[in-house]
Amino acid sequence: MTDARVVAASPGWADLLSGGNLVRSLALSGGVALHAVNLYISTTILPTVVGEIGGLDFYAWNTTLFVIASILGAALSSPVLAQTGPRGGYIVAAAVFIVGTLACAAAGSMPAMLAGRFVQGLGGGILLALAYAMVRRVYPEPLWPRALALLSSMWGIATLLGPAVGGIFAELDLWRGAFLILVLFAALIACAAFLVLPQRAADGKGAEPLPLVQLALLTIAVFAASWGGVGENIVSTVAGMLAALALVVLFVVVERTGTRKLLPAGTFRLPGALGSLYATSALLAMTVTCTEIFLPLFLQELHGRSPLEAGYIAAVMSAGWTTAAILASGFQGARRTLAVHAGPVLSLAAMIALALVLPVAGPVPGLVSDPAGDWLRLSLICAALIVGGAGVGLAYPHLSAMVLQVAPAEEADNAASSIMTVQLCATAFGAAIAGLAVNLAGAGTSPGGMDVANAARWLFVTVALAPLACILAMRSASFRQAVSRR
């Protein structure tokens with residue numbers, strides 16, 4: 001009989017998607033798919049939601065609060081797993097997600113919507129962390145890159161379902177129905193978990209005490225950054241961002257010296273391979289997050305796209321991520337190293353192209369008709385989004401697999417679940433920075449005019465700093481040491 005942890009010398013996708021591994025793959029990827037589809041639906045319908053209930057200045061907070069709650073949910077995944085097992089953990093997380101989604105569907109104001117998004121994020125964070133934490137438990141090490149690429153590919157499914165569902169409901173002015181579709185999806189995930197996941201954790205370990213101090217510092221830091229990102233005036237902006245920076249520094253100090261840790265021990269040790277891997281992963285994740293939050297708004301305001309069209313164009317970036325992740329997941333040796341280093345270079349080039357092309361509305365010089373010029377510009381935008389997403393997809397699965405490889409054996413589970421914690425933190429702070437760039441450039445004061453174009457330009461200039469920093473981080477000795485491991 002073939003065990004899930006026995007594969008060929010050079011495992012391929014057939015090993016991951018056959019026998020017992022097929023059932024496990026469906027169970028783990030379902031929660032990621034729910035989180036991803038929800039994100040794309042919410043992003044697509046958000047301009048319509050704001051048009052009905054208001055709250056444009058808090059546009060980015062829909063993502064920020066969702067991600068803050070997801071961070072808390074990811075941290076809670078360990079005690080939930082210990083108390084309820086994989087099957088119960090998925091069911092509990094899906095139930096929490098359903099409650100938050102129903103609250104979003106019933107929201108009549110932006111504060112009510114934000115409250116629902118927070119509860120949504122709590123359930124989604126548990127689902128995400130459980131999926132990543134169990135990769136190393138149910139798959140052999142040679143399959144880790146492909147398993148992680150499979151989880152990333154769920155964002156590709158989201159690029160098809162999310163914008164379609166969100167765009168259709170937005171164009172019909174029935175955006176609340178989009179959230180009700182998510183309720184049905186979450187219920188199906190809970191049923192699937194009940195059927196295919198084990199009832200109890202295999203090792204019977206008890207839950208480790210939560211690092212409450214670090215979680216509190218991180219949560220307040222994200223709130224402070226988000227408040228500063230609203231950009232109502234220069235005083236609140238500076239105060240919010242300085243407070244966020246001070247809290248992050250304090251978080252690092254407590255994490256290094258405390259006995260209860262949110263991330264694996266040695267993450268903030270210098271030099272350290274684990275810290276460099278988390279840092280590069282976070283910077284790459286910020287590239288996609290910051291771009292996709294405001295892209296539907298810019299496409300609708302600057303290029304006259306419908307909600308459905310804008311949603312699909314924005315989803316092209318994750319489609320590039322997914323395709324590259326699947327194609328590159330089997331790379332080894334020099335090809336793997338080349339893919340990892342090429343990723344941020346491609347992302348940087350894409351952000352520069354978007355900063356030059358997307359803010360410019362109207363005909364292209366030398367073309368007779370406006371429609372021809374606009375379609376040419378949209379083609380360039382899509383090409384840049386594909387390249388930017390592909391850059392992240394080339395590197396991210398390998399960076400995640402390296403985290404599992406370099407982490408101490410006694411902290412392997414924490415290192416695995418922390419992959420999602422780090423990405424969620426990057427998403428939260430990235431959303432705050434994106435909101436700051438957009439609000440300072442004036443998108444909140446004059447939608448549809450030159451203020452929106454200026455906001456788009458400065459957003460992508462700001463986002464370009466993330467892959468640039470990633471390129472510099474990859475030059476460190478600790479990162480080169482991590483990449484050299486097999």
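**Helix 10 and its partner**

User: Does helix 10 pass helix 16 in a left-handed or right-handed crossing?
Analyst: Helices here are DSSP runs of H or I with at least four residues, numbered from the N terminus. A crossing is left-handed if the near helix is turned anticlockwise from the far one by less than a right angle, and right-handed if clockwise. For helix 10 passing helix 16, that comes out left-handed.

User: Where does this come from?
Analyst: It's a predicted model, where local features need pLDDT of at least 70, side-chain atom pairs count only at pLDDT 80 or more, and totals for chains, interfaces and linings use all residues. Residues are numbered from 1 along each chain as its sequence is written, and side-chain values use heavy atoms, with hydrogens and water left out.

User: Are helix 10 and helix 16 roughly parallel or antiparallel?
Analyst: Their axes (lines fitted to C-alpha atoms over the stretch in contact, meaning heavy atoms within 4.5 Å) come within 8 Å and cross at roughly 160°. Angles run from 0 to 180 degrees between N-to-C directions; under 35 counts as roughly parallel, over 145 as roughly antiparallel, 65 to 115 as roughly perpendicular and the rest as oblique. So the pair is roughly antiparallel.

User: Which residues of helix 16 make the contact?
Analyst: Helix 10 brings Thr-280, Leu-283, Leu-284, Met-286 and Thr-287. Facing them from helix 16 are Ala-466, Pro-467, Ala-469, Cys-470 and Ala-473.

User: How many residues of helix 10 are buried?
Analyst: Buried means under 20% relative accessible area, exposed over 50%, partly exposed in between (1.4 Å probe, protein chains only). Helix 10 is mostly covered, and the count of buried residues is 29 of 31.

Notes: Helix = DSSP H or I, 4+ residues; strand = E, 2+ residues; numbered from the N terminus.
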